[in-house]
Amino acid sequence: VPEIDEGFSWARVRAASLSAALRPGKAGAAAAIGLAAVAVGDRASAHRALARLAPGSSAHALLAARIAAVLGETGPAASAVEPFLELRDDSTPELRPRAAQALADALRYAAPPERIRAVRGAGARPGAQGGRLPMAGPKAALLDADAQWLRWRSALASGLENGPAGIATWDDPDAPGDAPRTAEVLSTLVERILGIVPDAPSGRIEIAPALPAHVRRFRVSGVPLGESRLELRYERRDGVHRFVVSPERASVPPLLILTPEVDGAVRSVRMDGAEADLDVRSAGGKTRVPVQLPLDGDRVVEIAATE
């Protein structure tokens, strides 16, 4: 679909331009753009956004942790610990629990246990209430796959057709708001629709796609995990959902945790052509099928479900 391919590509370009145009005092915008940039593997834009955030703030710690988790670069996360623990003036205290958890996870192999415990404990301080991410709407997490997709396609089309700074824009580079639409376009696909959660320090990645009922084919390439890049392909035909995950570039095979969501009840599951007996989870007419396997080549999971 040209609108999706071209729109997503343009949004990546706009995120890069927004990261360069961010001004001091725009903590929400910097956090949103930085988190979206790191989600799509844009190292330079993520670092530009990080430089606009005050060390010690929860937004700074969260973005530094995501840089470690997605890109495998732990230096910014290690540098963020001391200011975060000192609890300097925090412009985003609602993100503190999320930042503490992410920072502790990012450094669990690069810091002593007592330091990790201190970081986790910092998330329970006054003012830390576990708020939503700056680019996510208040009810975004409650939307089902079809509603999430419609919301995303609407945001994609609105900027691609007639954005505030011309065609193929979502935000004005001279005045990005606290919740840039560009960040929503990128992050919604990666984190909510495809459910991608990298953990580069551990060499593992979770992918939990929840595609809407009308989508029969979908492919995304360049999924970042440290220096590795992965590809996800999906196809549905005659009630069979076929997921293929491939390493586009990977020196060491990562561990893949694939948990796709499908409509209806699961009749059978095949992994790389062989029947598999898995502990599936069903709720509300949807079924999650968890699979864990090393990504040492093309891995194929086929799920036959009632339509």
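Biologist: Which residue does Glu227 form a salt bridge with?
Modeller: Arg43, and the closest N and O atoms are 3.2 Å apart. A salt bridge here is a side-chain nitrogen of Lys or Arg within 4 Å of a carboxyl oxygen of Asp or Glu.

Biologist: What should I know about the model and the numbering?
Modeller: The model is predicted: local features need pLDDT of at least 70, side-chain atom pairs count only at pLDDT 80 or more, and totals for chains, interfaces and linings use all residues. Residues are numbered from 1 along each chain as its sequence is written, and side-chain values use heavy atoms, with hydrogens and water left out.

Biologist: Back to salt bridges. How many does the structure hold?
Modeller: It holds 19 salt bridges. Helices (H or I, at least four residues) and strands (E, at least two) are DSSP runs, numbered from the N terminus.

Biologist: Is Glu227 buried or exposed?
Modeller: Exposed, at 56% relative accessible area. Arg43 is partly exposed at 29%. The cut-offs: buried is under 20% relative accessible area, exposed is over 50%, partly exposed is in between (1.4 Å probe, protein chains only).

Biologist: Which residues are linked with Arg43 in a network of salt bridges?
Modeller: Glu73 and Glu227.

Biologist: What does Arg66 form a salt bridge with?
Modeller: Glu191, with the closest N and O atoms 3.5 Å apart. Arg66 is in helix α4 (residues 58-71) and Glu191 in helix α9 (residues 181-193), 125 residues apart.

Biologist: And which side chain meets Arg242 in a salt bridge?
Modeller: That of Glu302, at 3.5 Å, N to O. Arg242 lies in strand β5 (residues 240-249) and Glu302 in strand β13 (residues 299-305), so this pair ties together parts 60 residues apart in sequence.

Biologist: New topic. How many aromatic pairs?
Modeller: There are 3. One of them, Tyr234 with Phe243, is tilted, 4.9 Å centre to centre and 40° between the planes. Rings of Phe, Tyr and Trp (its six-membered ring) pair if their centres lie within 6.5 Å; planes under 30 degrees apart are stacked, over 60 edge-to-face, the rest tilted.

Biologist: Are Tyr234 and Phe243 buried or exposed?
Modeller: Both are buried.

Biologist: Which residues form the aromatic cluster?
Modeller: Trp149, Trp152 and Phe218.
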